[in-house]
Amino acid sequence: MTDQELVAQAIAMQEFSYVPYSKFPVGAALLCADGTVFTGCNVENSAYGSTICAERTALLKAVSEGRRSGWTAIAIAGQGEDYCWPCGACRQMLYEFAPDLRVLAARRDGAFQTATLSQLLPHGFGPASLNMGRDT
Ligand code: THU
């Protein structure tokens, strides 16, 4: 799977976004090493704070299907003129399972930029922080 193909899957997921409040559809596609892709879209709520982002939808689908490891990349596609980088809450949630994940952030015209999650969330707090790096 090429980066371009993963981004295309994220773009396609915007169709399912539920965005009556922001009118800002976002799609995500999370790639695993074996080629499995978990997709997601943002799902908003009339209690605005209950909204879930596209990335976390994809993450929750993966974890709830038993896939907690082996994630290689996530593509995120928004409708803005700027690249759709993940919000802070999504960075933290992704960091828990894949601190070295590649992140592909796409904008409205389909162009995208890449970064690692560790670049987006330097000195992040994760499972290793709780047990001070030791296996417990
Ligand atoms: N959103 C995402 O789904 N992912 C992001 O990376 C940024 C923001 C959603 C949340 C909300 O439904 C809408 O975009 C506007 O913030």
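I began by noting the term I would need: a residue is buried under 20% relative accessible area, exposed over 50%, and partly exposed in between. I also noted that this is a predicted model.

**Entry 1: cysteines.** With that scale I looked up Cys 87 and found it partly exposed, at a relative accessible area of 31%. Cys 41, in contrast, counts as buried because its relative accessibility is 9%. A disulfide is a covalent bond between the sulfur atoms of two cysteines. I required a pair of cysteine sulfur atoms within 2.5 Å. The sulfur of Cys 87 has its closest cysteine sulfur in Cys 90, at 3.8 Å, which is too far for a bond. For Cys 41 the closest cysteine sulfur belongs to Cys 53, and the 11 Å between them is also too far for a bond.

**Entry 2: the ligand.** I recorded 13 residues around the ligand, with Cys 53 among the closest. By class, this shell has eight nonpolar, three polar and two charged residues. I next looked up contacts to oxygen atoms of the ligand. A polar side-chain atom of Glu 55 lies 2.6 Å from one, and a polar side-chain atom of Asn 42 lies 3.0 Å from one. Ala 54 uses a backbone N or O atom, at 2.9 Å. The ligand alone exposes 370 Å², of which the protein buries 77%.

**Entry 3: helix α2.** Ala 54 and Glu 55 are also among the buried residues of helix α2, which spans residues 54-64. I found that the buried residues of α2 pack against β1, β2, β3 and α3. Just after α2, Gly 66 takes a positive phi of about 90°.

Methods
Residues numbered from 1 in each chain as written. Predicted model: local features only at pLDDT ≥ 70, side-chain atom pairs only at ≥ 80, totals over all residues. Heavy atoms only, no water. Near = heavy atom within 4 Å. Polar contact = N/O pair within 3.5 Å; in protein donor to acceptor, adjacent residues only side chain to side chain. Areas by Shrake-Rupley, 256 points an atom, 1.4 Å probe, with all protein chains shown as cover. Nonpolar A, V, L, I, M, F, W, Y, C, P; charged D, E, K, R; others polar. Buried < 20%, exposed > 50% of the residue type's maximum accessible area, 1.4 Å probe, protein only. Helix = DSSP H or I, 4+ residues; strand = E, 2+ residues; numbered from the N terminus. Contact = heavy atoms within 4.5 Å.
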